[in-house]
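Work through the exercises below with the sequence and structure at hand. Each task is followed by a solution in steps.

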Amino acid sequence: MRRSDRYRFYIILVGLVVLQFAVTVRLWGRPVGPDFLLLALLMYSIRAQPGRGAGAGFLIGLLRDALTPASFGAGALAHTLVGYLSAWGKAVFFAENVWVNGYLFFAGTWLRNLVVAVASGKLKGTMLGWELLVWSPLQSATTAVAGVLVLWLFGRHLAIRLGEA
Amino acid sequence: MALGADRYASRADTLVFIGCVLLSIAAMGLPDRMRDPFARALRQTVLAPLLALQQQTERLSASLERYDAVVAERDSAALAATFLAELRSENQRLRGLLGLGPRLGSGYVPAEVLHQAEPTNALTFLVAAGRKQGVKPLSAVVSPEGLVGIVSSVDAQTSVVVSWAHPEFRASVMAADGSVYGIVAPHGSEGPRAWLLELQGVAYSQLVPEGTLILTSGLGGVLPRGIPIGTVVAVAGEAAGWERTYLVRPAVHPAAVTHVMILTGPPLRSDLRSLFESGSPAP
């Protein structure tokens, strides 16, 4: 892997982080747009070793917890799980296919929301149902579409193995 | 091509994973007095440029919306210019719709809501105004429709708002005619009536008709008197013939607001209810 490939990869990740705070998509007043921050984590972790994926997830989750104190700690736990599982799952199951990656983005977003909602203990009953069956699938779908678009546009720069460096 | 799991899942990876999980669980158990300074430090350092970017984006979005509104008003005015009387009437109506800010006069800070893409976003959220703008903890956060929540903690440039949907939110309230006083709290997350409030502590003998406007009472000294909370929609329950609980439809949904006003100083009026009535004149 060339050093320039690695730089391009991290530039794309930084671009996703910036997009997270620059783009807001609403539907019926709810923010259901792509979660670019989680997308950056997934793109990193499926190319890294599970330990690094977990560590990156923990850091990102902790930063997000600072923005939504109602679920402090739950975000760190959720992103740790998603980062670790996506790195591990990629190693075991997933082929280098853009659509399979799309499914991974969808599942990762939904799993993150499930863990945050349950671990925070603030959402129960109907609210939890709406969150997991309506809003989270919508957000997961938009995140998956955005992820597939990013892979389609920048796939060549993202086709690297961080663990091989 | 599938990659070999043996090359990836080393013992070190597992240890890092377990360590991160344990740290996350520890973070969940942190008391507020330790959690808040830590979160504040993150917001004021690593996240500060990103929050500033989000604030600018929200402002740009609002500016574009306002531009469209101004263009529409200009077109309407051009059309109405052919009928001067109608133009005067239109101007008068537009002045009446200038918004809550001028009616409040002073003692408020406008702020953009910095929504995050997490399920608990509607319970606590960040707003782009902090200590430098004069925001203090326990300040009321309102929109033109009514109460959104209360400031929980304040940073230099941002503040954390606990919305009425948070399980720990409580407010002392009264019926608009002052006949009934009680406490409102989130109704809970069970059943089809999630995202409603409930009015508690109303004596059994005091009936509150459907459609009654519920306002903050000002008791307790945290929230000013007269901010709309919502409207009574039904009886939620009765407690053995001595108390009734009513369901209240909130005036505003926290996930839907993009801009709020934070009341920072003593109100110009002892009762703010007239400020929230659309079309009321500025003081």
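**Exercise 1: a barrel**

Six strands of chain B close into a barrel in the order β1-β2-β5-β4-β3-β12, with antiparallel pairing. Strands are DSSP runs of E with at least two residues, and helices are runs of H or I with at least four, numbered from the N terminus. Two strands pair if DSSP finds at least two bridges between them.

The model is predicted: local features need pLDDT of at least 70, side-chain atom pairs count only at pLDDT 80 or more, and totals for chains, interfaces and linings use all residues. Residues are numbered from 1 along each chain as its sequence is written, while chains are lettered from A and ligands numbered from 1 in the order in which they are written.

Task: How many bridges join β3 to β4 of chain B?

Solution. Step 1: locate β3(B) at residues 140–143 and β4(B) at residues 146–154. Step 2: these antiparallel strands are joined by four bridges. Step 3: opposite B:V141 stands B:G149 of β4(B).

**Exercise 2: two helices**

Task: At what angle do α2 and α3 of chain A pack?

Solution. Step 1: take α2(A), residues 36–45, and α3(A), residues 50–67. Step 2: the angle is about 165 degrees and the axes lie 9 Å apart; axes are lines fitted to C-alpha atoms, for helices over the stretch in contact, and angles run from 0 to 180 degrees between N-to-C directions. Step 3: α2(A) and α3(A) are therefore roughly antiparallel, a label for angles over 145 degrees.

Terms used. Parallel < 35°, antiparallel > 145°, perpendicular 65-115°, else oblique.
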